[in-house]
Amino acid sequence: MNPVDISIESLNLITLAPMVIPIIGALFILIIDMFKGGLDKSLYVMLSLLFLFMDFGALLNAAGLFSQSGTMMGVFDVMLIDGLAIISQFIIVGASIFFIPLVLTNKRFHESSYPEYFALFLFMIGGFQFMVATDNLILIFVGLETASLALYTLIAMHNRNRSFEAAVKYFTMGALAAGFFSFGSMIFYALTGSIEINQIAKVLEADNYSNIGFVLVAVVFMLASFGFKLSLIPFHTWAPDVYEGSSAPMAGYLSIVPKIAAFVVSMRLFEFLIHSNIVWVEIVLYITVVITMTMANIWALVQTDVKRMLAYSSISHAGFVMAAILISTTQANSALFLYWILFSFTNLGAFAMLWISRQKYLPAGQSSDQNYEKFSGLVKTSPVAASIMALFMLSLAGLPPFALFWGKMYMISSAITGGYTILALIMALNSAIAGYYYLKLIVYMFMKEPSVAHEQSVNISSNITLSLKTIIGVATIGTIFAFLAVNPILEFVTAFVYKSGY
Amino acid sequence: MEKYLYIALFAPLVGSLFAALFGASKKTLFAGIIPSFLIFVSFVASSILLVYVLKTGSIVHVEMMTWMATGDLYIPFGFVVDQISVTMMMVVTLVSTVVHVYAIGYMDHDKGFNRFFSYLSAFVFSMMILVMSDNFAGLFIGWEGVGLCSWLLIGFWYHKESATWAANEAFIMNRIADLGMLIGIFLIYWHTGTLQYAEAFAAMPDLDPEILTWMGIFLFIGAMGKSAQFPLHTWLADAMEGPTPVSALIHAATMVTAGVYLVVRSNELYALIPHVGLFIASLGAFVAIFAATMALVNRDIKRVIAYSTLSQLGYMFAAVGLGAYWVALFHLMAHAFFKALLFLGAGNVMHAMKDELDPFKMGGLGKSMKGTMILMTVASVALAGIFPLAGFFSKDLILEVAFIDQHFIIYGVLLLTAGLTAFYSFRIIALIFHGEDRHTSLGHHPHEAYKFMLWAMSPLLILAVISGFLFKGGFFEMVTQLLPATEYHIESVTTYWIITIGTQIFVLIAIFFAYKKYMCKSIKVPDGTSAMENSFKYKLLINQYYIPHFYEEYLTKPYRKLSIIFWEKIDMKIVDASVDGIAKAIYATGEKTRGMQSGNLSTMLKWMVAGLVILLSLAVVFGLAARHSVEIGTILSGLGV
Amino acid sequence: MMEIGLNHYLVLSTILFAIGLVGIMRRKNLLMLFFATEILLNSVNVAFVAISHFYGDLTGQMFAFFVIAIAASEVAVGLGLLILWHKRHNNIDLDSMSTMKG
Amino acid sequence: MVDHILSILIFFPAVAAVLGFAVHKDSIRAYGIFIAIIEFALSLWLWFCFDSTVSGMQFMEHLPLVSSFGINYILGVDGISLFIVILASFFTMIGIASLGEMKDIKNMIITLLFLQMTMVGVFVALDAIVFYIFWELSLVPMLYIIGAWGGPLRIYASVKFFLYTFAGSLVMLVGILFMAYFYYQATGVWSFAILDWYRLILPETFQLWLFVAFFIGFAIKVPMFPFHTWLPYAHGQAPTIGSVILAAILLKMGTYAFIRFSLPLFPDASVFFMFPIAILAIIMIIYTAMVAYGQKDIKQVVAYSSVSHMGVIILGTFALNVEGITGSVFLMIAHGVVSGALFFLVGVIYDRRKTKLMSEFGGLASVMPIYATVFGLMLMASVGMPLTINFVGEFLSLLGFYKQSHILTILAGTAIIVGAIYMLTAYKKMFFGEVTKKENKNLPDLNKRELVALLPLVVITLWLGIYPKPVLEPINNSVEPLVQLMHDKAISEEAKKRIPNLSKGVEIIKTPTQEVN
């Protein structure tokens, strides 16, 4: 046997940099805690932010490299830094930068007093980054599980009965999804002898999909697994409970980051199938997309808790965006990222608004933390908060010119150009259904009188601090002035997606 | 001359606006005098114009400004004073002046005095626009304007339910006809490209007769509404709810003749479509007798006169229908004078009797109201067409026209009507002024109207007497410059004398019968017991042939019911409910299916597995199908699919 | 003796997977549920190793190792949650976890 | 400054509204009136600078927004939109000036100013997406106005209003995106500029589908039968100011959009759907007029009458000739003035008696003579009395459509009859007869604030009824090229025949570059 002789250059370690930074950061935090415990959460927040900013810098560097030299492979060709990886990491890291400071609340919550919370958060970010920056199924799996396990723990750390319940539910179903994923990978491996998606695609194509039945079985397992992550119906059942059980920032985070990671993997996984004209995949995705966005919307209608409503709304949005993978044109894929970037801003705002209104303990006689009645007549007591919350709701409903409208519009347009006219109509009409439940909150805030019982017990902004205000301000500005940002984002995203060959 | 035209046209408007300034305040006498004076100014200006037109034979035509212009459509505010319109202007301003002055007395005690003059002058202004406009659109402005003023004036005493009801009825019925008019205007525009009289009529001879027929019909529908021809006649009798000067001016002398004016104005059109003319003539003759019969039994003096108006309008339409436009216009003029006189006389009576209208409750008023009696009797004689009063020259001429054109049925009907006219006119004269005094017992103490009111009426009296023999020749000379100059002379002199004298005798007999029947001492206030009152004929006539009843039962009520059904059943229960239904169905789906989210972890896991199984089975089916596609194809083709 | 081929391993794996699925659906005890997920993951491991051997390629075995590692960490987290739950509720029954629904 | 007057018109009230948050609530009314007067003066200045002899767009502004997707901030005004813009600023002005005492007046005024931004924006936007933005955005302030200051059913009414129109306009959005896609296919460039779209000739089948998509959005907004049921609720529940603005301006968005989008983009489809739409319009006219007759609530009468009149506007639009379209544009303004005024008038009595039931009134003519006079005048305008503003529009609309169909016009013409029926009946119930209720005996007549709102409307009603030329002429000059454009673009024989050829040189049209197959 020859000694293994590999040059460092060929490893192209720079591709690892963005993922490694948060992991180092996490370890760093743990080490600090070992030496000196009881430090304030603000220190950890700032440390995390520091590392995330470094991460962001590394991503910018990677983006620069990508735009010069195209897709990069590294570390025995396991790492794959292409446009998708870069954009999605931007979203992941960017969203994290905004979500982490949300722990700087006025009231003390259990989880934020543990430094492990921040370490886990950073591990999770690293995990997601791994997941999107590879097309090796093993690495995807590892990244996915790293992130998920951290996430389960983070949810559970919120230390409420419901949080445990949420964590257990999420965890158990996640384990099942992991089983699905590994089984699906196994079939692909059995069929092709490879676990790299582009290799699998090549082999299958060369083989002209002679084993179509088994390919489909593998696809089914993959779909089930990512359906879970993306909360597609009927794999969505965890979502409402987990959103309700976890803290508002965590719920908001859940609605954005894990999903974009899963979207990127699904894009890599399903697009080649659709491009090879496997009708079955198209049909199944079509049905799933339609059912997911419609049913989730319908269930959202009947919710009494705002957070739960937003959970269903996120499911619906995910279904909406999943359409991009079905359409799988460059425009659609760009629309996916555009949509998700804009969605992040709006959801960040919406969940942050819920977070500032969060009481430390659930008052007696109130069935859940964020039921609609709590927001009755908000415009009378704090008009600015009401206006901002309404703004986010309108944006989520897709009312122009607020952020999400542009995403919706571009997505519908991509459905039209992709030839999916009916789908475009369904997407449009779903926005109308969705309008109702977003409106419901606005109705409560603007058109009802504040209820006396609540007036005494609830201060709607009990939790607010300067940093939370800042974040909400950023989200507000981002939501209102999105029309200025759409063009640069669109150009950037389209260029990157196109260059990656999607 | 344009100066006079503008004065004639706008003086009434100024008067109206002046009175309107004081509209809401208490009675101010000058709010009555100044409009009256301005109407008189208008009359003077019209007279100057008349002289001008008579002398020079030329017409005055001005275009004040553009009204509407778009695409090819160009409608100016253009006014023309020609032989036809100047006749109408004279009639309108003269009668208006009289009525205005009269009304100063008549409305003396009314708290809406100022308002009344504002409306009345506005009416005159509208009427002037109507007759002076040089295009159909302008005519329509006046047409609607008089309708509006008529609505305001009929409903002048708005606290009275019957008055406001009558006002709305008049307006709505006129609107029905106005639609016809409007359509006629559209037809003219799209086929001639203009609405100016001169150009439109010039273009008409080249058009398809069918289109011309439609134009004629639709315009006539418009005329039917304003002139209250059957079946749109019911509003006229009800319109008597308005103050009596209004009835005199609007519902006798001027507005109701607008329909006749329209047809006369459009004579070039109607000359091209004689079959429509014949229909008009027949309808006119029918209305003449139809209205006259209703007048026979009515117990409301104003209504009797209203029916009489209706009947006379029938004469006029008979004339225009037969192409005797100048005759119709002549009768229109003469009729305006004596009918206004009659109404104003009736107004005096009403005043004296504290708004009592039933002639059976009067009797013997001649003693206390000599002046009025003379005025009304002269007017009735004129109406009956006794030589040498105005009616003789104008009305008998229409009979002659029918005779000469050999429309003997029309002639017969009109002749009979002439007899009826005489009868009912003198029926009320007899009942009011002669016979027993039946009113003192009812607590009435009649008194004669103000002197100046009687004086104001005197011009009408004179005209009712002389306008026939004095004006006929000159009138013919003048208007036939524009209208077809058909002279109606019966070839055989014997025949002429026979029918003329025969008609006179017939009418006189009718008058005699009327006096005989209604002067006798046994006249009592009918109480519904006499045999006559229970006879079918009487009931038919007193109920106006049950036509208002028919309208009420079969049009108004169903319309109301249908409206409510449309609202409550269709709009709310079907259209709106289906919209809400969609929303509710979506919501209900949510409520029903939210059980899927039971919150139980086992169920959730089962859902995941179920999803997997469904997808798997789909995959297997598809995979098998793909693998065995050839066999499946064979089987399917074997099955003939 | 019958020759044991790749297909047998795969069938075994599938059967194990099915057992795991059934376990996940049927078990009400949280601990047992975790066992079922372990079966699920291990069934895949069996297949991976067999296929890896079949192809003469190490990737499958690598995958299997990773699966084992992940399964281990999953159990660690899972048991942590389970203990917490047990501390608070004194049971590990799935049916007790349904405060959120709808 | 005049180059950017349209942007100023749009964003001045919005900026003022934001600043208005800082104004103390006791002074907010003066602030609002002041802002609205400036805005109105600006819009008058726009008219002053407007060259009515030019047929094309004026004061165009062009800024890239999402240039990679062809979305640009393009504004421009022509004779068709000019007067609606003025009307919008006018109504906001008198609306704010006449606001009575109410709770949260500050919120109301700020909302109205935002609403004004969206209203102006809709009518001057020349980019479909920008148009859509303002179109949708206008729902929000209206939602708030109805929902927060409305009657007992206000939440239902406002949500229904919002969702119904929102759903419709989403379908329209799909249509807009499709249209852009066709343009992209034909030219290889994305563009949402309406003037670019005008140059595109679509095959007839595509036209039909797109027409339907746009139609749904517009028809709900108008609202056309059978999509009209949100309107009575919205009007019935809205506060006076809400109804006024809704009737006067917001409904015009739909009819305006028909003229701006449907006709020039899809001439063949317009001809194809002319008769079905005309029939819907006639149903609107007659059916809603009858429904109005069946009402007990005076505001509902006015609301349904408003729908009924919108039918005439639609009919005029689909006359597809200069007379009809000019008439319908004019009627939009007329209807704005008249029904706006009627809603004001209903508000007057509602303020005094807190009821809108006609049976509660009677004999008001003697108690409130000025009120009765103004009401009567507006009623006459509403039933289309000549020399009032409505007549000009109605006459031209019907005249125009008569060219297309005799029978249908006769049916539509019944508007003047059925309109008279419900209006006069309602007037009779409220104003005539004896005063029976003792609450009505001492009602005060119109006060100064109400007269400030109503007198200008009276003046306009008469002025434009007698001398419509200043408005009619610019409209006509802009409609003529539109009709010519439609004629030139029409493919089918039928359409060529139905849409007249004016043989006029039209500046804004360039020959279509490419056809889509």
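**Figure 1. The loop between α8 and α9 of chain B.** B:Ala228 is found in the loop between α8 and α9 of chain B (helices, H or I of at least four residues, and strands, E of at least two, are DSSP runs numbered from the N terminus). This is a predicted model, in which local features need pLDDT of at least 70, side-chain atom pairs count only at pLDDT 80 or more, and totals for chains, interfaces and linings use all residues. Residues are numbered from 1 along each chain as its sequence is written, while chains are lettered from A and ligands numbered from 1 in the order in which they are written. Phi of B:Ala228 is positive, near 55°, and the residue is not a glycine. Most residues other than glycine have a negative phi, and most peptide bonds are trans. B:Ala228 counts as buried because 28 C-beta neighbours lie inside 10 Å (buried: 20 or more other C-beta atoms within 10 Å of the residue's own; exposed: 12 or fewer; partly exposed: in between; C-beta atoms are placed from the backbone). The loop between α8 (209-226) and α9 (234-238) of chain B also holds B:Pro231. The peptide bond that joins B:Phe230 and B:Pro231 is cis, with omega about 5°.

**Figure 2. Two loops of chain A.** A:Pro234 lies in the loop between α9 (212-230) and α10 of chain A. The bond from A:Ile233 to A:Pro234 is a cis peptide bond, and its omega is near 10°. A:Ser328 is found in another setting, the loop between α13 (306-327) and α14 (330-356) of chain A. Phi of A:Ser328 is positive, about 50°, although the residue is not a glycine. A:Ser328 has 24 C-beta neighbours inside 10 Å and therefore counts as buried.

**Figure 3. B:Arg427 in a helix of chain B.** B:Arg427 belongs to helix α18 (residues 408-433) of chain B. It is buried, because 25 other C-beta atoms lie within 10 Å. Leaving out residues up to four places away in sequence, B:Arg427 touches B:Ala514 and B:Tyr518 (contact: C-beta atoms, placed from the backbone, within 7 Å). B:Val86 is 341 residues from B:Arg427 in sequence and 36 Å from it in space, C-alpha to C-alpha.

**Figure 4. A hairpin in chain D.** Strands β1 (residues 58-66) and β2 (residues 71-77) of chain D pair in the antiparallel sense over 6 bridges (strands pair if DSSP finds at least two bridges between them). The two form a hairpin with 4 residues between them, and D:Gly70 in the turn has a positive phi of about 75°. D:Val66 has D:Ile71 in β2(D) as its bridge partner, and D:Leu63 has D:Tyr73. Of the 7 residues of β2(D), 6 are buried, so the strand is mostly covered.

**Figure 5. Helices α7 and α9 of chain D.** The axes of α7 (residues 154-187) and α9 (residues 204-221) of chain D come within 7 Å and cross at roughly 150° (axes are lines fitted to C-alpha atoms, for helices over the stretch in contact, and angles run from 0 to 180 degrees between N-to-C directions). That makes α7(D) roughly antiparallel to α9(D) (under 35 degrees counts as roughly parallel, over 145 as roughly antiparallel, 65 to 115 as roughly perpendicular and the rest as oblique). The crossing is left-handed (left-handed: the near helix is turned anticlockwise from the far one by less than a right angle; right-handed: clockwise). Residues of α7(D), including D:Phe178 and D:Phe182, meet residues of α9(D), among them D:Phe206 and D:Phe214. By class, this contact has 13 nonpolar, 5 polar and 1 charged residues (nonpolar: Ala, Val, Leu, Ile, Met, Phe, Trp, Tyr, Cys and Pro; charged: Asp, Glu, Lys and Arg; polar: the others, Gly among them).

**Figure 6. Helices α15 and α22 of chain D.** Helices α15 (residues 322-353) and α22 (residues 469-489) of chain D have axes that come within 9 Å and cross at roughly 135°. α15(D) and α22(D) are therefore oblique to each other, and their crossing is right-handed. The residues of this contact divide into 11 nonpolar, 2 polar and 1 charged.

**Figure 7. Chain B against chain D.** In this contact, 38 residues of chain B meet 45 residues of chain D. On the chain B side, α6(B) gives the most, with 14 residues. Chains B and D share the most contacts of the 5 pairs of chains in contact.

Methods: Contact = placed C-beta atoms within 7 Å.
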